[in-house]
Amino acid sequence: MPARVEHLSVFLCPPFQLQIILELFILNGLTPICPYCGNFSSKVTGKEIYPHRPDLFHKAFYQCAPCDAYVGCHPGTDKPLGRLADAELRRWKSIAHAAFDPIWKARFERKRQVDQKYRKHHARGGRYKRLAELLGIPSKECHIGIFDVTLCKRVYTLCKSGALED
Ligand SMILES: [Zn+2]
């Protein structure tokens, strides 16, 4: 197993393709590479990431400690939710969610008033679809969890512009 991946061009591919590559790493018994330094990450538990959150100790994470980068896994699996995120990316993902989530939640409340069958996933899915159109990316690639800093900043700007409110 190589100790280090010498070039990080793999991280230039679209988020959805990157997700497939990350899953291939896992299938082949490797851990995802850290997009900041190129070293393989370590599989750890929530105890290493959130020492003050015993409720998260059972969860699996991939971590690059020197870069302070990590990513969680899909519940009950060792499949990463996306690429490893450093402090800046984690901050921007949280900013993007803070701007985007109230929009679909408000839409849900509004539509729910007139249609009892309307569900949260309808509102969230519909706004993600619109977001994908505005970002010019395919819907299946449109999840804040797998975005990079640039896309997160665009999400924030679009949300604040009112473009997602129609
Ligand atoms: Zn690293």
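This is a predicted model: local features need pLDDT of at least 70, side-chain atom pairs count only at pLDDT 80 or more; totals for chains, interfaces and linings use all residues.
How many bridges join β1 to strand β2? The answer is four, and the two strands run antiparallel.

Strands of a sheet pair through backbone hydrogen bonds, either parallel or antiparallel. Here three strands make up an open sheet, ordered β1-β2-β3, with antiparallel pairing. The edge positions belong to β1 (42-45) and β3 (69-72). Each of these has a single partner strand, so one side of each is left without a neighbour in the sheet. On average, and ignoring direction, neighbouring strands of this sheet are turned by 35° against each other.

Strand β2 itself covers residues 60-64.

Five residues from domain 1 and five residues from domain 2 take part in the contact. On the domain 1 side, the residues that touch domain 2 are three nonpolar, one polar and one charged.

## Helix α3 against helix α4

Two packed helices are described by the angle between their axes and the distance between the axes. For helix α3 (residues 87-114) and helix α4 (residues 120-135), the angle is about 130° and the axes are 8 Å apart. Because of that angle, α3 counts as oblique to α4. The crossing of these two helices is right-handed.

On the α3 side, the contact is made by I103, W104, R107, F108 and K111, while α4 brings K120, A123, R124 and R127. By class, the residues of this α3 and α4 contact divide into four nonpolar, no polar and five charged.

## Helix α4 against helix α5

Helix α4 also packs with helix α5 (residues 149-161): their axes come within 11 Å and cross at roughly 110°. That angle is why α4 is described as roughly perpendicular to α5.

Which residues of α4 meet α5? They are L131, L134 and L135, and they face L151, R154, V155 and L158 in α5. The contact of α4 with α5 divides into six nonpolar, no polar and one charged residues. For comparison by eye, recall that the α3 and α4 contact has four nonpolar and five charged residues.

Methods:
Residues are numbered from 1 along each chain as its sequence is written. Two residues are in contact if their C-beta atoms, placed from the backbone, lie within 7 Å. Ala, Val, Leu, Ile, Met, Phe, Trp, Tyr, Cys and Pro count as nonpolar, Asp, Glu, Lys and Arg as charged, and the others, Gly among them, as polar. Axes are lines fitted to C-alpha atoms, for helices over the stretch in contact, and angles run from 0 to 180 degrees between N-to-C directions. Angles under 35 degrees count as roughly parallel, over 145 as roughly antiparallel, 65 to 115 as roughly perpendicular and the rest as oblique. A crossing is left-handed if the near helix is turned anticlockwise from the far one by less than a right angle, and right-handed if clockwise. Two strands pair if DSSP finds at least two bridges between them.
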